[in-house]
Every structure is written in C-alpha cells, then in structure tokens.
Amino acid sequence: MPKETIEKNRRKFIDIWFEALRIPSISAEAEHKPDMRRMAEWLVDLLDRELGFAAHLIETETNPLVFGQSPEVPGAPTVLIYGHYDVQPVDPLDLWRTPPFEPTVADGKVFGRGADDDKGQSLTHVFAVKTLLETSGTLPLNVKFIFEGEEEIGSAALSTFLESEENRRLLAADVILVSDTDKPAADEPGITYGLRGVVGYELTLTGPNRDLHSGLYGGSVRNPVAALCAMLADLIDSDGKIQIPGFYDDVVPLSERERAELARRPFDEAEALAAIGLDASFGEPEYTVIERRGARPSFDINGITGGYQGKGGKTIIPAKASAKFTFRLVPNQRPESLTRALDAFFRDRLPAGIKMDLNFQHGAGGMVIPLESPFLQAAARGLSSVYGKPPLFIRDGGSIPIITKVKDRLGADLILAGAGLEEDGIHSPNEYFALRDFFLGIESSAAILTELARVKQ
Ligand SMILES: [Zn+2]
C-alpha cells in the first residue's frame, strides 16, 4: 500500500526535502544566479536518480526549466505536473527566528524559505511518483514534470517556451496537476477549479500645460482631477455593476451545481468583515460574497494621483491627473476586448480641453474547469480516499497567469490541489510547512494519480 511505502521512506523524503531547502534559489536577486542553476541541476538529478525519469535542463534566456518524463505507459492518460523551484527573497531577515535556508523542525513544522512555496509542495508529487513506483513497480499513467525557476518574478522563460508548437508537444498532457495553492483547512481537502484573470491600466488626463492659479483660472478651464474622478465614477454603480457596454456579455453564468458547491464552503460573513475592520460588505446583491470574490468580475481603483499633496494648501488647478486600476475577469472575458471597450468608454466621456492616455499595463484571462470534468472528478475521489471526505470546490479570486497560460496553451484540464495552508506564511518570514500536511500531500498526490490513471478517454 502507498501509505506504508510513504511511512518507510519518511526519513529519506525529509532529507531530500531539506537538501532542496538549503539551496537559496531566490529568482529576484541577481547574486543568486548560480543557485538557480544549482537548484535546477539538483532537480534533474533527483528525477533521474529516484524515479528513473529521463530528465534534463531546458536552457532559456534566463533561468533553466527542468523537464522529466516517465517511460511510456501505452494507452494510459498523461499528467503534467507543474512546480517552481524559485523562492521569494527573505527580507526582512531579522524577523526570521531560524535561518531561512537552514530547514528547522519545531512544533511538527518545517521552517524555511520554500518549505511550502513551492519546493515542499512540488516535492510531494515527486515523492508520490516514487511511492507508486516502489509500491507496484510501475506507474499507472504517463507522468511528465515541468519545473520553472521564475514563478515569483513573472514566468518569462516558461511563457516564451509555450509559444512554440514543438515545445507544446513536449509538454502535451491530458491533465495538469499543480500544488501551488492552499487547502481550506488541515483536515479539509480542496480543489481550486477556477481562477480569475486580471488586467491592469493606468489612465492619465492632461489639462493645461502647467498648474494654474485657481483664482485666476477657476471656473473657466477643466480640472483634470475632477474629470478623472467623474470618468472613473461612471465605471461602476453603487451595486458593484460595471457600466462598460458589453462588459458582462462573455461571462459564463454560474450553474446551479456550482452555486451549490460554492455554498458548501464554511464562511462567516460577519467574522470575515470584523477581521478587516468593516461592518458592511459591497457588491452585486444577487451573488453571495464567496461568489463575488471568486466567480464574478470586479473593478478596483488601486491608486489616484494628481495635484498638490504636500503640507498645507495650494490653490491650483493641476495640469495632470492619473489613476491605476485593475479588473478581475472571469471566463470567458478577454483582456483585449476589454481594452477596446474601455478606451471607447473613456473617449465618450472625455471633456473638451482634456487629453487622455490609457495605458495597458498587464493582463491575463481567467480559467474555470467544468465540475463535470472526468479528471476533476477523479482527483476528487483521490482526495476523498485520503481525507475521508470530499474536497471543497473553490473558485479563487486571485490570478496565477502562468498556470492559466499553461492550461490554455496545452488545452488540458487543470487540477489545482494544494497541500499547504494559508497560515504557512508563504512569502513571509518564518515560512513553514507542517510535516503532517507534507505527508498528507504525498499520500493525496499518489491517490490522485491512481484515480487519474483510471479515467477512460
Ligand atoms: Zn508558489
């Protein structure tokens, strides 16, 4: 049984995990460039040595990718497992109670940068494959691994890699398995089956060629800050409905089944509001807060700049005003069509005497896997067998552009099943991964792979 094999290898799995955590593969810091390569080479060696996979580095203009695949299992589905070997910087260092790159066990938790995100989580899948191999001598399905070293800095190399058809053939799979999200609670498994997309803009309005005296000119020229406020205010109504014509046209409606699944998630609205110091929520009244957060699009102004902001007052009409804002999108809304519609929306409202510049900053669409997907259902059965209860199906309000891109480019279903918890403090000082969650992650991955192998195509 896989569980016994995992138990037998407990020490070994921990030792290997710790080796990974000792390599300071911080992608954001140039002085760690050699560590990035060392980490990638370490992974190739691990896949070769422990799994007998034909693994190799894929050189890119920046950090190498690591690819490995199992010997062919004819007639069986193929799963692509994605992970990332880079980690976040460790500042502020003085807040760490133990050295970030010397894994330390305390309270049943392993502390260290990358313990969870994403070295620990990535390794749960490597060890699951090892467990299946050791338990039955062969794998029930075709397994491919792709590890990138730039997830924390924008995934440029993998993104470029996916543009070529030949490369997409190398990664081709029926289903993609990723652990780079959280599970809802220690004893509560979850599958994130939807992610929102995100698109960001900066709108700049320019009026007079310099700040003007508000006494000499007030009431006779347009104020760009006032124009900006009016144009932005038109974008959304008091119920949170976005007013751009056609904005909701491509939104895939929530099915009754989805609404029922999302409602299973325990959520105390008053408590959630209290935690952020609010006494009222906001948004489309016909949707629950959980639905508004994960399954409906949203608009937020991230910052506004314009005019005098120093001490005291200054009686001017500012020359310029600008705002940065983002939309969270849901399938099948497309960033490109939004940009066109938004530009037209603002031009319609642009007052005489003001010039506008709408600058597109970044964008990625959202994704959702149909709950009926046989692979999603298989993964749910795998998790149920380990936890003794079915997973919660989650639509996450955040965005993981590279994951959405991998899914879109390969045209495969995606299973996002995290083994860590929100409180693990990823990206923060004293990041950890509980040993129990780590080993449950290995067991879950083995169970998921076993169930995915049974999906008839
Ligand atoms: Zn991550």
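Seven residues of domain 1 are in contact with five residues of domain 2, where contact requires that the C-beta atoms of two residues, placed from the backbone, lie within 7 Å. This is a predicted model, in which local features need pLDDT of at least 70 and side-chain atom pairs count only at pLDDT 80 or more, while totals for chains, interfaces and linings use all residues. Residues are numbered from 1 along each chain as its sequence is written.

On the side of domain 1 that touches domain 2, β15 (367-368) and α14 (401-410) each supply at least two residues, and α14 gives the most, with three; helices (H or I, at least four residues) and strands (E, at least two) are DSSP runs, numbered from the N terminus. Domain 1 covers 2-195 + 367-453 and domain 2 covers 197-251 + 297-364, with bounds that come from an automatic or database domain assignment. The centres of the two domains, taken over C-alpha atoms, are 40 Å apart.

Turning to the sheet, three strands form an open arrangement in the order β4-β5-β18, with antiparallel pairing, and two strands count as paired if DSSP finds at least two bridges between them. Because β4 (104-106) and β18 (432-434) stand at the edges with a single partner strand each, one side of each is left without a neighbour in the sheet. Between β4 and β5 (residues 109-111) there are three bridges, and Ala106 stands opposite Lys109 in β5.
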